[in-house]
Amino acid sequence: MRKIISMALVTAAAGTALTFAATPAFAVGSCASGNFCLFENNDFNRGNTNHWLDLRSDDFDLRNNYWYDGSGGQTNDSIDNETSSVKNRRGCDVMLWQDVGGTGAHTKSISGTDDGFLENNAIGDNRLSAVDVCV
Ligand SMILES: [Ca+2]
Ligand SMILES: [Ca+2]
Ligand SMILES: [Ca+2]
Ligand SMILES: [Ca+2]
């Protein structure tokens, strides 16, 4: 009887480990510490397609970056001129630029803040093309 119980515990423990391994969805698009996080839609994609990208370093040309989806796979949908909300978990301020190379309208994302609606900022909605991390 004791042996059966311990076997059951081993099975349960293995099942738990598998569950954790199989649910990266918890982390997908949730903006972990150390990242600057872009979202295709307002309000961090809530109620909409879960297209996201995490950046850690400068990228002055988002034309060659592509959204990741809700299962963590890369799409063929370019990020350029599509960002609608951001979260700053990078640990420093980040400048958002309208044009490739870092020109045009710009908005500074303050370290530790979220903005679910870029339309009311200088950068505007669906215009972000360059990101300067730790300005
Ligand atoms: Ca790029
Ligand atoms: Ca958008
Ligand atoms: Ca805003
Ligand atoms: Ca742009």
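This is a predicted model: local features need pLDDT of at least 70, side-chain atom pairs count only at pLDDT 80 or more; totals for chains, interfaces and linings use all residues.
Strands here are DSSP runs of E with at least two residues, numbered from the N terminus, and two of them pair if DSSP finds at least two bridges between them. Strand β6 (residues 94-99) and strand β7 (residues 103-109) run antiparallel and are joined by five bridges. Three residues separate them in a hairpin, and Gly101 in the turn has a positive phi of about 95°.

β6 also pairs with β9, again in the antiparallel sense, over four bridges; Trp97 has Ala130 in β9 as its bridge partner. Together the strands make an open sheet of three with the order β7-β6-β9. β7 and β9 (130-133) stand at the edges with a single partner strand each, so one side of each is left without a neighbour in the sheet.

Elsewhere, Ile79 lies in the loop between β4 (74-78) and β5 (85-88). Ile79 is buried because 24 other C-beta atoms lie within 10 Å, the cut-off being 20 or more, with C-beta atoms placed from the backbone (12 or fewer would be exposed, and in between partly exposed). Trp67 is 12 residues from Ile79 in sequence, yet their C-alpha atoms are 5.9 Å apart in space.

Conventions. Residues are numbered from 1 along each chain as its sequence is written. Chains are lettered from A and ligands numbered from 1 in the order in which they are written.
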